[in-house]
Amino acid sequence: MLEKNYKLLLWIYIFWFLISVLLTTLHVLPPTLSGAQSLFLIFSGIFGACFFIMQYGKGLGWAITILIFAVTTCIEWMQISFNEELAGPTIGFTISGIPVTFGFIWVGLIAGTHIIAREITLKMSIDWLRGGIYAIIAATMVMIFEILIEPISMQAKQLFMTDGLTILQLSDVANWWTLGLILHLMIYFILSLTDQWGDLRYPDLKSEIVIVYWIIIAFFVFLAFYSDLWTSIIIGLIANVIFTICYYVSLDKEEVDSP
């Protein structure tokens, strides 16, 4: 029953995404993180939170969700605070200056990076090697997302830019890779210590969270398209296609053939 409801809500979410793209194309909505767009992205985080809770139980699922939300929101808030004299209003919904929309985005995104990297490394027998490669793959996916979103964020904050990567803050990208590495190592240790790394309660929902992950990527690719950020688009799409192919290749044949 839970699986059916999750999949039904996912179809509604996909329809919402397509309507949002259509309205933006028709200039009804701006190609920015407006209120409507922010609400859409908040639901991506809700999908990610529900995925963690359904797969690992309420206690563990909530712990992982809160960890991701708290850490990433604090990092985004600190970045905005340090650049307050340069930046305009932050993008998305805020509470007392805290960019909560980004916390939800990262929950949905890391649910996707977790399941993709987990599946790629699941059959490795050496525990420390599996955990290390899992964290490196997932951290690289986080870095790729930051490469995609950073130029859009800079434009939204009204900072001058000429091209997606020429003024990209490479230190921020490196910092997010490091943060992604630490977060995923913590997730790996938490799931390993509780003997839940190898088991999912609802394995059929793995591909559903990958779809949510790709909707987030597609949304920001769409925004980057409007800003002519072709370098970021190419890097983001090629890298994510490679990781997603590796994910599907790593699936068992029964899972690939299942509807």
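Helices (H or I, at least four residues) and strands (E, at least two) are taken here as DSSP runs, numbered from the N terminus. The structure is a predicted model, in which local features need pLDDT of at least 70 and side-chain atom pairs count only at pLDDT 80 or more, whereas totals for chains, interfaces and linings use all residues. Residues are numbered from 1 along each chain as its sequence is written, and side-chain values use heavy atoms, with hydrogens and water left out.

On these terms, the protein chain contains 9 helices and 0 strands, and its elements follow one another from the N terminus as α-α-α-α-α-α-α-α-α. Of the 259 residues in the protein chain, 49% are buried, where buried means under 20% relative accessible area, exposed means over 50%, and partly exposed covers the values in between (1.4 Å probe, protein chains only). The accessible surface of the protein chain, computed by the Shrake-Rupley method with a 1.4 Å probe and, for residues, with only the protein chains shown counted as cover, comes to about 12200 Å², and carbon and sulfur atoms hold 72% of this area. Among the contacts (heavy atoms within 4.5 Å) in the protein chain with a separation of 6 or more, 80% are made by residues 24 or more positions apart.

The loop between α1 and α2 holds Pro30, a residue that is partly exposed, with a relative accessible area of 34%. When residues up to four places away in sequence are not counted, Pro30 touches Thr24 and Gln37; the C-alpha atoms of Pro30 and Leu223, in turn, lie 9.6 Å apart although the two residues are 193 positions apart in sequence.

Helix α2 (residues 35-56) is made of 22 residues and reaches 32 Å from its first C-alpha to its last, close to the 32 Å expected at 1.5 Å a residue, the expected span being 1.5 Å times one less than the number of residues. This helix is mostly covered, 16 of the 22 residues of α2 being buried, and just after α2 a positive phi of about 90° is found at Gly57.

Side chains of opposite charge can pair when their charged atoms come close. A salt bridge is defined as a side-chain nitrogen of Lys or Arg within 4 Å of a carboxyl oxygen of Asp or Glu, and the structure holds 3 of these. In one of them, Glu119 is paired with Arg118 at 3.4 Å between the closest N and O atoms, and Arg118 is buried, with a relative accessible area of 2%. Glu119 also meets Lys206 in a salt bridge, at 2.9 Å from N to O. This second pair links distant parts of the chain, since Lys206 lies in helix α7 (residues 206-226) and Glu119 in helix α4 (residues 100-121), 87 residues apart. Both Lys206 and Glu119 are buried, the latter at 4% relative accessibility.

A further salt bridge joins Arg130 to Asp127, with the closest N and O atoms 2.8 Å apart. Because Arg130 and Asp127 are 3 residues apart in helix α5, about one helical turn separates them. Arg130 is buried, with a relative accessible area of 12%, whereas Asp127 is partly exposed at 41%. Salt bridges that share partners join Arg118, Glu119 and Lys206 into one network.

Helix α5 (residues 127-156) also contains Ala135, which counts as buried because its relative accessibility is 0%. Apart from neighbours within four places in sequence, Ala135 is in contact with Leu181, His184 and Leu185, and the C-alpha atoms of Ala135 and Met186, 51 residues apart along the chain, are separated by 9.1 Å.

With regard to cysteines, a search of the whole structure finds 0 disulfides, a disulfide being a pair of cysteine sulfur atoms within 2.5 Å. Cys50 is partly exposed, with a relative accessible area of 33%, and Cys74 counts as partly exposed at 41% relative accessibility.
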